Amino acid sequence: MLALQGAFAAHEAILRTLGCETRQVRNTRHLVEVDALVVPGGESTTMSNLLARSEMLTMLHAKALGGLPIFGTCAGLILMASEICDGRDDQHALGVLDMAVSRNGYGRQIDSFETDIEVRGLDAPFHAVFIRSPVVTRVGPDVEVLAEVDGNPVLCRKGPVTVTAFHPELSGDDRLHRRWLSQTGILRHSSAQDGRGLGRSRAGAQTE
Amino acid sequence: MGQNNKRETGTTLVKRGLAEMLKGGVIMDVVNPDHAKIAEDAGAAAVMALERVPSDIRRDGGVSRMSDPEMIQGIQAAVSIPVMAKARIGHFAEAQMLEAVGVDYIDESEVLTPADEAHHIDKWAFAVPFVCGATNLGEALRRISEGAAMIRSKGEAGTGNVVEAVRHLRSIVGDIGKITQADSAELFDWAKQLQAPLPLVQEIADTGQLPVPMFCAGGIATPADASLVMQLGAQAVFVGSGIFKSSSPAKMASAIVEAATHYQDPAILVKVSAGLGGAMAGLEISGLDTKLAERGW
């Protein structure tokens, strides 16, 4: 997990219950050692700033384009995008996914919300928490849109890279983490369909 | 895809969620848009908009109130990161105004002059989340029971002296540790001693942590101070006077941001601390006329 700033601990807790070995990535030495990377929510400007200062930016860019499995949530989605409509001039977008985003496009904290969304490939709705979330305003043809809110993509995938505008680490539902892990081959014999909530997945992880 | 599902705003999850996003970050006191830009450039995770930093409030004396809404709006326009602002303890009318201004977090703060000697704000009545200060676990749990979505240890604001922040953090973290060791019968006594709701005490016994994120404030003046409090269990830091009362605010701000991320890496702390110039002049706690941490109950 990228642990420069933000909600990395919440992701870490979920991945551990799924039987993953996790480590906090704060420099290039850590980054070369991981098989996959969660880029958590937090302040995207802060993360971008710290990435540039830690010399990880170039390495992360190369690894992301080279097929490193990445799960980016909120600020992580912004970092993976190709275009930030209203970001700061010095803010980095790695261009891993062909998409344009508007930062905090849903407004201020008072407009932050939670709601159930339909996700392609999941039987039951996913409870999604949006916190000062970005709005995806455009996606390229090679980006698969798996869920939308108000016609804007909120869950997208391209190969081993999955991004969400919301916070799947906050609602106690591990299906999207499981799906990303199984799609990228990190967690085998696991299907996003076979269970909902941390209780059952914990049992699943023990059988891994 | 069905898009008619109900949206809920101002929920506990949404309020605590923003605090989750600020973890590992630095929240900086700023008094104008220029300061706010410097803070954002340095990598602040959020800014606290106020008219005077605590050390100036301490020096000037008098009644300290909510900031001018125009000044807060100017800062909101200047930066894209979350903007917080302070209301006086118990002053729910100031809080209602701050909610109307659209601040991202309200700090019901002992740094301002309290407006009510018995009651804190009923924070459940608001859609905007609140952060409150605490000197010990009982105070933290009372604030959480009133609806606070984030706790910060109080420390002693405006002193540049970290000793009170350390005392408060150690007290909170220490008692949490003891509660996790207590048996179920002892939890009733803990609730009584702490003057805190039993269900929150039982929750701590189960989880080993506060039900909301815990940050640290009050007296942090250097990257080393940030590292110290993070190692003691703070999940993020508020820096008030420590940045803009130092000799080079932009460098100090940037260094403390790095320190909050790399708090366990002394080599990086050395690098960011070298040649920083003077930190703010500090104050001895024993020489203070007013201890701000004693405000609130």
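**Close-up views of the contact between chain B and chain A**

**View 1. Extent of the contact in the predicted model.** Chain B contributes 44 residues to the contact and chain A contributes 42 residues, where contact means heavy atoms within 4.5 Å. The model is predicted, so that local features need pLDDT of at least 70 and side-chain atom pairs count only at pLDDT 80 or more, whereas totals for chains, interfaces and linings use all residues. Residues are numbered from 1 along each chain as its sequence is written, chains are lettered from A in the order in which they are written, and side-chain values use heavy atoms, with hydrogens and water left out. Together the two chains bury about 3700 Å², 51% of it on carbon and sulfur atoms (buried area is the accessible area, with a 1.4 Å probe, that two parts lose on being put together, summed over both).

**View 2. A salt bridge across the interface.** The rule finds 4 salt bridges between chain B and chain A, each a side-chain nitrogen of Lys or Arg within 4 Å of a carboxyl oxygen of Asp or Glu. One of them joins Arg53(A) to Glu258(B), with the closest N and O atoms 3.1 Å apart.

**View 3. Elements on the chain B side.** Strand S1 (8-9), helix H1 (12-22), helix H2 (33-42) and helix H12 (249-261) of chain B each give two or more residues to the side that touches chain A, and H1(B) supplies the largest share, 8 residues (helices are DSSP runs of H or I with at least four residues, strands runs of E with at least two, numbered from the N terminus).

**View 4. Strand pairing between the chains.** Strand S5 (residues 113-117) of chain A runs antiparallel to S1(B) and is joined to S1(B) by 2 bridges, pairing being assigned if DSSP finds at least two bridges between two strands. Phe113(A) has Thr9(B) as its bridge partner in S1(B).
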